[in-house]
Amino acid sequence: MADLEAFRIRLVEANAVMNLVGPDSLPDFWNRHAWDSAQLLAQAPDARTWADLGAGAGFPGVVLALLLKGREGAHVWLIDSLGKRCRFLQEIVDGFALPATVINGRAEEQSVTCDVVTARAVAPMERLLGYAQPYFQRGAQGLFLKGEKAESELIEARKSWHFEAELAPSQSDPRGRIVTVRSVRRARPQH
């Protein structure tokens, strides 16, 4: 908890100069960001390795790394295409000695192998599955934090992808959903 509070303080300071999260969301850090991210661990309690696509300000990836710190074999890859966010993430990883690696690049171009691929507020499900496809091919399952449009995003994604999906209610927001995705493959194009 002390590390999470210290991370919150660093985020508030950094957000004042680089707009990492919506400033209106910071007063509700514990529920909206920390608890929202942390609840993923209960969905995959045996997962040791995670890849957070579009890691941004570190949700859920930094929170997961903070909570997995000290667990044998735990590692989180924080992947983001924007250099300034990666610099912020690297400062956090170094400052808290997290079991994490920051990668500045496009998610779909990485060769990371992990137990779980995750993302929050990155893209609609149809595009997100494309970003996550290489991770699925290497055996990962997907755990994605989605909002109230989760069901409609899944319907839209099924036009381009075949996959198994389960929805669980978010513990941090009654409108939110945790989407578990497995067995992803691109649908054959319609002629």
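User: If contact means heavy atoms within 4.5 Å, which helices are included in what covers the buried residues of α1?

Analyst: This is a predicted model, in which local features need pLDDT of at least 70 and side-chain atom pairs count only at pLDDT 80 or more, while totals for chains, interfaces and linings use all residues. Residues are numbered from 1 along each chain as its sequence is written, and side-chain values use heavy atoms, without hydrogens and water. Helices are DSSP runs (H or I, at least four residues) and strands are E runs of at least two, numbered from the N terminus; the cover of the buried residues of α1 includes α2, α4 and α5.

User: Which residues of α1 are buried, and what arc do they cover?

Analyst: Counting as buried a relative accessible area under 20%, and as exposed one over 50% (1.4 Å probe, protein chains only), the buried residues are L4, F7, L11, A14, N15 and M18. They lie on the same side of α1, because the directions from the helix axis to their C-beta atoms cover an arc of only 105°. On the other side, A2, E13, A16 and V17 are exposed. The buried set is thus L4, F7, L11, A14, N15 and M18, with an arc of 105°.

How values were computed
Contact = heavy atoms within 4.5 Å.
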